Amino acid sequence: MSTVIIGGGIIGSSVAYFLTSDSSPHKDKEVHVIEASSQLFSAASGYAAGFLAKDWFSPAVAPLGALSFDLHHQLAAENSGKEKWGYMQGTALSLDVSDASAKRIACRGDDWLRDGTSRAEVAARGDESSMTVIDEAPAWLTKQKGGRVEPISEEGTVAQVDPLRLCKYLMEITVSRGVKWHHPAQVISVVTDPDTNAINAVKVLNFASQTESVIPCTNLVICAGPWTSRVFKNLFPSARLQLNVSALAGYSLVLRSPRHTLLHERDTYRGRSHAVFTTHPRDCGFSPEVFSREGAEIYIAGLNSSQIPLPNQAEEAREIMDKQKIDELKAVAVRLMGKLAEGHLECSDDVPNTDDLEVLREGLCFRPVTNSGRPIISRIKEELLGLGVKTKSSETGGERGGVFIATGHGPWGISLSLGTGKVVAEMIDGVKTSADVSGFGV
């Protein structure tokens with residue numbers, strides 16, 4: 001049995017990881033990962049914030065969210081995750097500079113994303129006694145006039161990773177287990193058995209050598225992020241199924257601040273991260289999200305757009321990055337984290353602070369979103385593949401096989417990654433999934 005995974009980001013890496021784990025009956029079988037980008041993890045998997053939440057999801061996604069969060073914790077505990085990919089337990093905070101009498105409107109799922117409001121709106125708030133207690137806001141967050149900072153996470157329910165380092169770790173482990181990675185490469189067609197019309201291989205084009213090869217394929221997993229719809233349509237042009245996955249672009253910055261050093265991280269915060277969600281400043285037109293990450297890094301994002309065309313390759317995002325948008329994000333970063341003006345205790349519209357932040361990296365990446373706000377994690381029915389294409393299954397005899405889709409995680413791709421990888425591997429293995437994903441069909 002051979003599994004071909006199209007897409008070598010965090011989802012594809014996770015599927016390969018769990019397919020080759022000791023507990024998988026598939027672990028001794030052949031697994032290939034096909035990635036089109038010349039630089040691995042140059043899309044959202046390498047440029048995302050890496051924020052993890054256990055219970056910030058809609059009811060349909062909640063079981064997968066909880067499973068994935070626990071898997072992140074387990075993976076880090078068993079494999080020195082803090083040192084290898086910056087895993088940190090954390091606290092989520094809301095910075096509110098609005099009228100104190102204003103009522104918070106509770107919502108769930110991805111409403112915050114579509115409405116352009118703060119992700120803090122979906123935080124699962126319990127009673128106040130269960131909240132993480134903070135003495136004060138982190139020192140790297142500049143005090144805002146009229147601002148109030150409050151915890152919005154319960155103890156042990158949010159965490160932080162560096163997604164690029166996590167992806168590299170998963171790749172290294174899968175390679176050590178015999179998984180073959182092909183990049184830059186593209187699956188250009190599926191090959192079917194002339195007698196049964198069942199998929200038995202894929203034809204792969206290596207971009208570097210411009211040579212084609214044929215790889216045996218019993219199971220085909222398409223998890224190419226916002227490119228998934230294109231990949232599926234190219235491979236199954238007569239399919240009755242049309243995937244409604246679109247791309248949401250997001251700008252980000254990775255920074256350093258003199259008020260957040262390795263000493264602060266170790267001694268002041270004792271290895272804990274902070275995630276700050278806000279709608280301030282009100283005139284910026286988006287809801288900033290700020291995360292402290294291992295290594296005294298600070299990541300800021302929240303400036304999104306659905307109007308930027310999806311490039312053919314992930315690395316091409318650098319060429320279409322809008323400097324004005326980066327400057328807008330930097331201005332917000334300075335407002336929220338810059339040095340207070342001499343003699344002032346708070347930052348305000350009248351008294352702005354000064355820029356003493358160091359920009360380590362500018363980013364633009366595209367995340368896959370669906371109209372429902374839920375990911376698609378499903379085996380595709382044969383009748384939807386078109387032209388009588390079949391897959392090896394118990395119905396056709398022989399080995400079990402199928403075409404699987406795993407995409408549409410929106411801004412939660414890193415958080416839901418390990419859970420998604422595990423349930424897709426379980427689907428391929430033909431065992432009961434560890435979380436109910438029956439509502440994630442196409």
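User: Hi! Are Phe-277 and Phe-291 buried or exposed?
Analyst: Hello! Both Phe-277 and Phe-291 are buried. One thing to keep in mind as we chat: this is a predicted model.

User: Thanks. What about the aromatic pairs, how many are there?
Analyst: The count comes to 13 aromatic pairs. One of them joins Trp-85 and Tyr-169, whose ring centres lie 4.6 Å from each other with 40° between the planes, so the pair is classed as tilted.

User: Where in the chain do Trp-85 and Tyr-169 sit?
Analyst: Trp-85 belongs to helix H4 (residues 81-85), while Tyr-169 belongs to helix H6 (residues 163-176). They are 84 residues apart, and their pair links distant parts of the chain.

User: And why does Trp-85 count as buried?
Analyst: Because its relative accessibility is 1%, and buried means under 20%. Tyr-169 is buried too, with a relative accessible area of 9%.

User: Back to Phe-277 and Phe-291, then. What kind of aromatic pair do they form?
Analyst: Phe-277 and Phe-291 make an edge-to-face pair, with 5.7 Å from centre to centre and 80° between the planes. Phe-277 is in strand S13 (residues 273-278) and Phe-291 is in strand S14 (residues 289-293), 14 residues apart.

User: Which residues are in a cluster with those two?
Analyst: Ring pairs link Phe-277 and Phe-291 into a cluster with Phe-51, Trp-56, Phe-57, Tyr-299 and Trp-412.

User: Nice. Which residue lies over the face of Tyr-17?
Analyst: That would be Arg-177, at 4.5 Å from the centre of the Tyr-17 ring.

User: New topic: cysteines. How many disulfides are there?
Analyst: The count is zero disulfides. As for individual cysteines, Cys-167 is buried because its relative accessibility is 0%, and Cys-223 also counts as buried, at 6%.

User: OK, now sheets. What order do the strands take in the open sheet of six?
Analyst: The order is S7-S2-S1-S11-S18-S17, and the pairing is mixed.

User: Which strands are at the edges?
Analyst: Strand S7 (180-182) and strand S17 (376-379) are the edge strands, and each pairs on one side only. From one strand to the next, the twist averages 15°.

User: How many bridges do S2 and S7 share, and in what sense do they pair?
Analyst: Strand S2, covering residues 30-34, pairs with S7 in the parallel sense over three bridges.

User: Last one: what stands opposite Ile-34?
Analyst: Look for His-182 in S7, which stands opposite Ile-34.

Note on methods. Residues are numbered from 1 along each chain as its sequence is written. This is a predicted model: local features need pLDDT of at least 70, side-chain atom pairs count only at pLDDT 80 or more; totals for chains, interfaces and linings use all residues. Side-chain values use heavy atoms; hydrogens and water are left out. A disulfide is a pair of cysteine sulfur atoms within 2.5 Å. Buried means under 20% relative accessible area, exposed over 50%, partly exposed in between (1.4 Å probe, protein chains only). Rings of Phe, Tyr and Trp (its six-membered ring) pair if their centres lie within 6.5 Å; planes under 30 degrees apart count as stacked, over 60 as edge-to-face and the rest as tilted. Helices (H or I, at least four residues) and strands (E, at least two) are DSSP runs, numbered from the N terminus. A charge sits over a ring if NZ of Lys or CZ of Arg is within 6 Å of the ring centre and within 35 degrees of the ring normal. Two strands pair if DSSP finds at least two bridges between them. Axes are lines fitted to C-alpha atoms, for helices over the stretch in contact, and angles run from 0 to 180 degrees between N-to-C directions.
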